[in-house]
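Come along while I look things up one by one.

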Amino acid sequence: MVSLTSISAGLKPTNKLYLNDSYLKTTETTLLRYVPETRKSGYFVTTDTIMHPKGGAQPSDTGTIESVNFKAIVKKVLEHSGVVIHYGDILEGVPREGDRVSMTIEWDSRYRVMRLHTAGHIVDYAVVQILGKDLLSSRAFHGPPESFVEYIGRAGGIDPASIERISNEVVKASKRVYPVWVPKEELLKTVRGAPNLGRLPELETYRVIVIDGVNAIPCGGTHVANTAEVGGILIREVEAVENGFKVVYDVSD
Ligand SMILES: [Zn+2]
């Protein structure tokens, strides 16, 4: 295993195109660095990326990256000091730094994660509505095999059916979902019903995902543009965990 520190050394943070447009399925960019692991696998850093790295409660995207010199499958995407590192297998050829590359996302899995992630924000809203107060979450994951949010506090009186009913009202109301960028001084003025305030990184500017009339949550992930795209939210389980409760959910097709 090559260290992520050495792979990203001296490189500027990657331009994450998905922060402005989560619907980009393909893009052209430049291969800044290629670090081979074996003859048939290695690490790619590009100027821009459409792929979300593992982290921020989301799984890694997958896809392909290729130029006239090579073709590779991206199996895992990681981030180190703002540099996005794509790891994968070389199918043919040899990557050359400076190559103009074309990057494509495995869209079906990504789109499902966008629906699951947006559903997570809607579940946050439903839980706040039921408990009648904002709360904090300790952990979350929006992707297969199991999507969930863990909240700090007592679940008293929360049943899966109520969360599901309120969540699906938001889905059916076709609310717009979009990012806004706010300086840190204005963050608390902008957010509403955000459960993750206790575990935000220190930043100068925050990306906040607004669901019109529902909530506004600091988040770096990928979401759908309208709650109707979520399709339907299923609450699988509400279970007690250490310090709180866990809501396990899924989206229906
Ligand atoms: Zn999010």
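**Entry 1: a starting point**

Where is the place of tyrosine 18? I found tyrosine 18 in the loop between β1 (15–16) and β2. Before going on, I noted that this is a predicted model, in which local features need pLDDT of at least 70, side-chain atom pairs count only at pLDDT 80 or more, and totals for chains, interfaces and linings use all residues. Residues are numbered from 1 along each chain as its sequence is written. My element names follow DSSP runs, numbered from the N terminus: helices are H or I with at least four residues, strands are E with at least two.

Is tyrosine 18 buried or exposed? I have it as buried, because 22 C-beta neighbours lie inside 10 Å. The cut-offs I use: a residue is buried with 20 or more other C-beta atoms within 10 Å of its own, exposed with 12 or fewer, and partly exposed in between, with C-beta atoms placed from the backbone.

Leaving aside neighbours within four places in sequence, tyrosine 18 is in contact with Leu24, Ile50, His52 and Thr222; contact asks for C-beta atoms, placed from the backbone, within 7 Å.

**Entry 2: two domains**

I checked the domain assignment, and it gives domain 1 (10–105) and domain 2 (110–251). Such bounds come from an automatic or database domain assignment. Taken over C-alpha atoms, the domain centres are 28 Å apart. I noted 10 residues of domain 1 in contact with 14 residues of domain 2. The domain 1 side of this contact has 5 nonpolar, 4 polar and 1 charged residues. In this count Ala, Val, Leu, Ile, Met, Phe, Trp, Tyr, Cys and Pro are nonpolar, Asp, Glu, Lys and Arg are charged, and the others, Gly among them, are polar.

**Entry 3: the barrel**

Which strands make up the closed barrel? I traced 6 strands in the order β2-β3-β7-β6-β5-β8, with antiparallel pairing. Two strands count as paired if DSSP finds at least two bridges between them. I also noted that neighbouring strands of this sheet are turned by 45° against each other on average, direction ignored; the axes are lines fitted to C-alpha atoms, for helices over the stretch in contact, and angles run from 0 to 180 degrees between N-to-C directions.

I then followed β8 (residues 100–105). Strand β2 (residues 26–38) pairs with β8 over 5 bridges, and threonine 26 stands opposite threonine 104. β5 is joined to β8 by 4 bridges, with glycine 63 opposite isoleucine 105. β6 and β7 share 10 bridges, and isoleucine 73 stands opposite aspartate 89.

**Entry 4: the cores**

Which residues have the most contacts inside the largest nonpolar core? I listed Ala119, Ile122, Val123, Ile233 and Val247, in a core of 34 residues. A nonpolar core here is a set of buried Ala, Val, Leu, Ile, Met, Phe, Trp, Tyr and Cys residues joined through C-beta atoms within 7 Å. Among the elements that each supply at least two residues are α2 (107–131), α3 (160–172) and β14 (233–241). α2 gives the most, with 10 residues. A second, separate core has 21 residues, including Tyr43, Val45, Ile50 and Val101.

I saw β12 and β13 form a hairpin with 3 residues between them, where glycine 213 in the turn has a positive phi of about 70°. These strands are antiparallel over 4 bridges.

Most residues other than glycine have a negative phi, and most peptide bonds are trans. I marked alanine 57, with phi near 65°, in the loop between β4 (48–49) and β5 (63–66). Serine 81 also has a positive phi, about 50°; serine 81 counts as exposed because it has 11 C-beta neighbours inside 10 Å. Last, I noted a cis peptide bond joining proline 144 and proline 145, with omega about 5°.

Note on methods. Contact = placed C-beta atoms within 7 Å.
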